[in-house]
Amino acid sequence: GEEQEEIEGPAPSLSQIKHIILILSGKGGVGKSSVTTQAALTLCNMGYKVGVLDIDLTGPSLPRMFGLENRSIYQDVDGWLPVPVETNGIGELKVISLGFLLGDRGNSVVWRGPKKTAMIKQFIKDVAWGQLDYLLIDTPPGTSDEHISIAEQLRFSEPDGAIVVTTPQGVATADVRKELNFCKKVALHILGVVENMSGFICPHCEECTNIFSSGGGAKLATEFDVPYLGNIPIDPKFVEMIENQNVSEKNLVESYGESTLCPIFKNI
Ligand code: ADP
């Protein structure tokens with residue numbers, strides 16, 4: 001006979017989370033992890049309690065972006081304990097990444113579907129997030145087992161939806177359309193499209209130059225009848241901040257406040 005679908009309620013670990021946002025992209029390298037980081041830091045700067053869950057099991061880059069490399073996560077009776085980012089009392093920021101569980105840093109994980117699905121289930125069910133205003137979930141690029149698994153897992157938690165990240169060149173490809181179609185197919189609410197690396201802010205005169213043609217992200221959003229959240233220019237200051245090894249000592253949240261506090265995440 002046909003397999004019966006298991007109906008479950010929301011995971012208890014998610015019960016104190018107000019909003020859940022997935023960050024998706026059609027392909028890698030468009031800045032999905034950077035956008036997740038910027039969104040987290042922006043929301044934290046606004047005083048919110050923010051959690052970040054990195055389920056990009058193929059190349060978790062968030063520990064590096066948050067200056068949390070070489071940190072480990074531990075389990076207590078409530079589940080996995082997320083790693084806190086120092087915020088000097090501005091909001092709250094906690095991170096869980098598969099990167100924390102990898103022995104050999106920088107090694108990506110090659111796991112088959114069922115094992116990945118099991119790991120994601122664990123991450124969703126067994127993290128002791130406590131109270132959060134926002135949980136941001138950084139997913140692998142494309143539409144794979146991970147996405148189907150997470151869309152199913154969160155069905156009952158009423159996720160606020162997904163932000164789809166693309167680049168000006170990306171909108172010309174089929175990947176981002178595929179991503180948007182996937183969201184519609186699995187009934188995942190789309191919060192909107194963000195066009196990243198759209199233009200370049202000159203570090204000397206702060207003028208923004210469009211290197212590639214612009215406006216593609218907005219057109220795509222119109223075509224799919226979803227909101228266009230805005231564009232993020234190529235920002236050398238952001239890269240410098242992320243690449244700067246001492247930034248964790250300086251306080252990432254404060255440094256970010258001084259640099260690019262991205263206005264588009266104030267609308268989510
Ligand atoms: P993805 O998660 O989609 O694979 P990343 O967030 O890792 O992509 O970004 C890829 C590279 O591009 C990183 O080195 C990152 O620092 C850089 N990058 C992404 N967005 C921007 C931006 N707005 N300005 C400058 N550099 C960026």
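These are my notebook entries on what I looked up in the structure above.

**Setting up.** I am working with a predicted model, in which local features need pLDDT of at least 70 and side-chain atom pairs count only at pLDDT 80 or more, while totals for chains, interfaces and linings use all residues. I number residues from 1 along each chain as its sequence is written.

**Overall layout.** I found 9 helices and 11 strands in the protein chain, where helices (H or I, at least four residues) and strands (E, at least two) are DSSP runs, numbered from the N terminus. Of the 268 residues of the protein chain, I noted that 44% count as buried; a residue is buried if 20 or more other C-beta atoms lie within 10 Å of its own, exposed if 12 or fewer, and partly exposed in between, with C-beta atoms placed from the backbone.

**The core.** I then looked up the largest nonpolar core, which has 63 residues, with Leu 136 and Ile 137 having the most contacts inside it. Such a core is a set of buried Ala, Val, Leu, Ile, Met, Phe, Trp, Tyr and Cys residues joined through C-beta atoms within 7 Å. Setting aside neighbours within four places in sequence, I listed the contacts of Ile 137 as Ile 20, Ile 21, Leu 22, Ile 23, Leu 53, Ile 55 and Ile 150, a contact meaning that the C-beta atoms of two residues, placed from the backbone, lie within 7 Å. In soluble globular proteins, nonpolar side chains tend to be buried together.

**Strand 6.** Is strand 6 enclosed or exposed? I recorded that 5 of the 6 residues of strand 6 (residues 92–97) are buried, so this strand is largely enclosed by the rest of the structure. Strand 6 pairs with strand 2 (residues 49–54) in the parallel sense over 6 bridges, and strands count as paired if DSSP finds at least two bridges between them. Strand 5 (residues 83–84) runs antiparallel to strand 6 and is joined to it by 2 bridges. I saw that Lys 94 is the bridge partner of Gly 51 and also stands opposite Pro 84.

**Annotated sites.** An unreviewed UniProt entry gives a "binding site" that includes Lys 27 and Ser 33; its positions are given in the numbering used here, feature names are shortened, and annotations may be inferred rather than shown by experiment. I placed Lys 27 in the loop between strand 1 (17–25) and helix 1 (32–45), and this residue is partly exposed because it has 17 other C-beta atoms within 10 Å. Ser 33 lies in helix 1 and is buried, because 24 other C-beta atoms lie within 10 Å. The UniProt entry, also unreviewed here, places a "binding site" at Cys 202 and Cys 205. Cys 205 counts as exposed, because it has 8 C-beta neighbours inside 10 Å.

Most residues other than glycine have a negative phi. Asn 70 is found in the loop between helix 2 (62–65) and strand 3 (74–76) and is exposed, with 8 other C-beta atoms within 10 Å. Met 197 lies in strand 9 and is buried, with 22 other C-beta atoms within 10 Å.
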